[in-house]
Amino acid sequence: MVAAAMLLAGRSQETGGDAEAEAPDSGKQQSADLPHSGAPAVQDPIEDTSAFENDVCSVLTEAQVDRLDVEIQQSEEDGQDFGPACRWRTETRDESFTTALLTVDGEGLSTSYADEQADRVELFEELDLIAGHPVVAVDLNDDREDGYCNVEVGLRDDLSFYLALSADVDSSPYHDDSCGAAYEIAGMAVETIEGGQ
């Protein structure tokens, strides 16, 4: 998931490269300058995401993890420059994914739309809404044939949820449709986040 890491790292650099940049307050009123660069407005924003910012691994419940087509052996919280993240993986590490709340830049999906307008990403595809929230598949490189896909969901105009999935082994049930798998898992997470309001 090198490209995903680079793409996410770029989000903190756009705020001046300050990894300590203050995250937007959960539940704050959305900025009048958002969305921009062609990004759609989030019509039904999730105002309070503070519980998940403090415990990002809780975006997936145990019951949801049990429904996955692979057996997850481990998850661990992993703070990053772009916001709180959680890494999940199978015992063989043939499948792994990272869930993240992109709190640092305060731009939500607008950052990815701006990247697409500036030709900074090779993969950019609008997907069906998840529970009314706009969704894109986005990455610096288009590595879907190799089992990689990143899905970003707009939770508010100033906040998005990101899921970067890696299934690079041909035998993985996620390999041939990595974006479909990422979309499905992101949908579960959005369901949890909405329920936590």
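**Figure 1. Aromatic pairs in the predicted model.** A search of the whole structure, which is a predicted model, finds two aromatic pairs. One of them joins W88 and F97, and this pair is stacked. The ring centres of W88 and F97 lie 5.7 Å apart, with 15 degrees between the planes. W88 and F97 are both buried. The other view shows Y113 and F124, whose ring centres are 4.9 Å apart. Their planes stand at 80 degrees, so the pair of Y113 and F124 is edge-to-face. Planes over 60 degrees apart are counted in that class.

**Figure 2. Where Y113 and F124 sit.** The edge-to-face pair of Y113 and F124 links distant parts of the chain. Y113 belongs to helix α4, residues 110-117, and F124 belongs to strand β4, residues 123-130. F124 has 21% relative accessibility, so F124 counts as partly exposed. The limit that matters here is 20%, because buried means under 20% relative accessible area.

Figure 3. F97 is found in strand β3, which covers residues 96-101. F97 has a relative accessibility of 2% and therefore counts as buried. Its stacking partner is W88. The view also includes A167, which is 70 residues from F97 along the chain. The C-alpha atoms of F97 and A167 are separated by 8.6 Å.

**Figure 4. Helix α4 and the residue that follows.** Six of the eight residues of α4 are buried, so the helix is mostly covered. The buried residues are S110, T111, S112, Y113, A114 and D115. Among them, Y113 takes part in the aromatic pair with F124. Just after α4 comes D119, which takes a positive phi of about 60 degrees.

**Figure 5. The disulfide of C57 and C86.** The structure holds two disulfides, and this view shows the one formed by C57 and C86. The sulfur atoms of C57 and C86 are 2.1 Å apart. The angle about the S-S bond is 100 degrees, and the link of C57 and C86 is right-handed. The pair links distant parts of the chain, 29 residues apart. C57 lies in the loop between α2 (50-54) and α3 (62-66), whereas C86 lies in strand β2, residues 85-90. C57 and C86 are both buried.

**Figure 6. The disulfide of C149 and C179.** In this disulfide, the sulfur atoms of C149 and C179 are 1.9 Å apart. The link of C149 and C179 is right-handed, with 85 degrees about the S-S bond. This pair, too, links distant parts of the chain, with C149 in strand β6 (residues 148-156) and C179 in helix α5 (residues 178-195). C149 and C179 are 30 residues apart. C149 counts as buried because its relative accessibility is 1%. C179 has 12% relative accessibility and so also counts as buried. With the bonded cysteines of the protein chain numbered in sequence order, the pairing is 1-2, 3-4.

**Figure 7. Helix α5.** α5 has 18 residues. From its first C-alpha to its last, α5 reaches 26 Å, close to the 26 Å expected at 1.5 Å a residue. The buried residues in α5 include S178, C179, A181, A182 and I185. A186, M188, A189, V190, T192 and I193 are buried in α5 as well. One of these residues, C179, forms the disulfide with C149.

**Figure 8. The largest cavity.** Rolling a probe the size of a water molecule over the atoms shows where empty space is left. A search of the whole structure finds one cavity of 30 Å³ or more. About 30 Å³ of space lies in the largest cavity. Its lining is made up of P35, A39, P40, V42, G108, L109, S110, R156 and D157. By class, five of the lining residues are nonpolar, two are polar and two are charged. S110 of the lining is also one of the buried residues of α4.

**Figure 9. The elements of the chain.** The protein chain has five helices and seven strands. From the N terminus on, its elements run α-α-α-β-β-β-α-β-β-β-β-α. Of the 197 residues in the protein chain, 50% are buried.

Methods. Residues numbered from 1 in each chain as written. Predicted model: local features only at pLDDT ≥ 70, side-chain atom pairs only at ≥ 80, totals over all residues. Heavy atoms only, no water. Disulfide = S-S within 2.5 Å. Helix = DSSP H or I, 4+ residues; strand = E, 2+ residues; numbered from the N terminus. Buried < 20%, exposed > 50% of the residue type's maximum accessible area, 1.4 Å probe, protein only. Phe/Tyr/Trp six-rings, centres within 6.5 Å; stacked < 30°, edge-to-face > 60°. Expected span 1.5 Å × (residues − 1). 1 Å grid on protein atoms, 1.4 Å probe; cavity = no way out; pocket = protein on both sides within 12 Å on 5 of 7 lines; lining within 4 Å. Points joined across faces, edges and corners; volume = space filled by probe spheres on them. Nonpolar A, V, L, I, M, F, W, Y, C, P; charged D, E, K, R; others polar.
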